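Please look at the sequence and the structure below before reading on.

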Amino acid sequence: MSVNNDNGLIVEPEAADKAVEVIKLIAHAEDSGRKRREFAESEAKLIISEAFEKAEKSAEFEKAKADEKIKKVKELTEQKGRELAINILTQVNEECEELKQNARENKQQALTAVVERIVNEWR
């Protein structure tokens with residue numbers, strides 16, 4: 001049976017039923033697609049958020065490791081500096097003692113040389 005609409009077109013009821021079904025299927029597909037897109041967007045946001053948190057934690061961990069290494073290097077440098085300073089002071093002290101000993105050993109000769117010079121100048 002054909003139905004004549006206002007435009008003068010003849011519409012078959014079976015075709016109209018099929019068209020309604022197709023429209024419903026399209027609407028359902030669009031709705032399903034929208035829901036999938038929304039789900040995918042929320043999943044992407046969650047993944048990005050988790051990745052960001054992991055990156056921050058990793059950066060904090062690496063910074064802590066670097067800070068610890070810097071602290072150890074600084075301590076080692078200070079220790080080596082102290083050892084070097086002690087070695088230098090010990091060496092300087094030994095050299096001073098050696099110079100003092102040489103001066104003591106040469107004291108008499110130096111006094112004799114000074115006296116001779118003074119006596120020679122007074123003549």
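## Charged side chains

Asp-31, Arg-34, Lys-35 and Glu-38 are joined in a network of salt bridges. A salt bridge here is a side-chain nitrogen of Lys or Arg within 4 Å of a carboxyl oxygen of Asp or Glu. Side chains of opposite charge can pair when their charged atoms come close.

The model is predicted, so local features need pLDDT of at least 70 and side-chain atom pairs count only at pLDDT 80 or more, while totals for chains, interfaces and linings use all residues. Residues are numbered from 1 along each chain as its sequence is written, and side-chain values use heavy atoms, with hydrogens and water left out.

Searching the whole structure gives 7 salt bridges. The table lists three of them.

| Pair | N to O distance |
|---|---|
| Arg-34 and Asp-31 | 2.2 Å |
| Arg-34 and Glu-38 | 3.3 Å |
| Lys-80 and Glu-83 | 4.0 Å |

Arg-34 and Asp-31 are 3 residues apart in helix 1 (residues 13-105), which means that about one helical turn separates them. Helices are DSSP runs of H or I with at least four residues, numbered from the N terminus. Arg-34 and Glu-38 also lie in helix 1, 4 residues apart, or about one turn of the helix. Lys-80 and Glu-83, again in helix 1, are 3 residues apart, about one turn.

How exposed is Arg-34? Arg-34 is partly exposed, with a relative accessible area of 33%; in this scheme buried means under 20%, exposed over 50%, and partly exposed in between (1.4 Å probe, protein chains only). Glu-38 is partly exposed at 41%. In the other pair, Lys-80 has a relative accessible area of 49% and Glu-83 has 35%; Lys-80 is partly exposed, and Glu-83 is partly exposed.

Other charged residues form a patch. Which residues make up the negative surface patch? Glu-43, Glu-50, Glu-53, Glu-56 and Glu-60 form it. Patches are made of residues with over 30% relative accessible area and no salt bridge, like charges being joined within 9 Å. Asp and Glu count as negative, and the place of a Glu charge is taken as CD.

Methods
Helices (H or I, at least four residues) and strands (E, at least two) are DSSP runs, numbered from the N terminus. Patches are made of residues with over 30% relative accessible area and no salt bridge: like charges are joined within 9 Å, nonpolar side chains (Val, Leu, Ile, Met, Phe, Trp, Tyr) within 5 Å. Accessible areas come from the Shrake-Rupley method with a 1.4 Å probe; for residues, only the protein chains shown count as cover.
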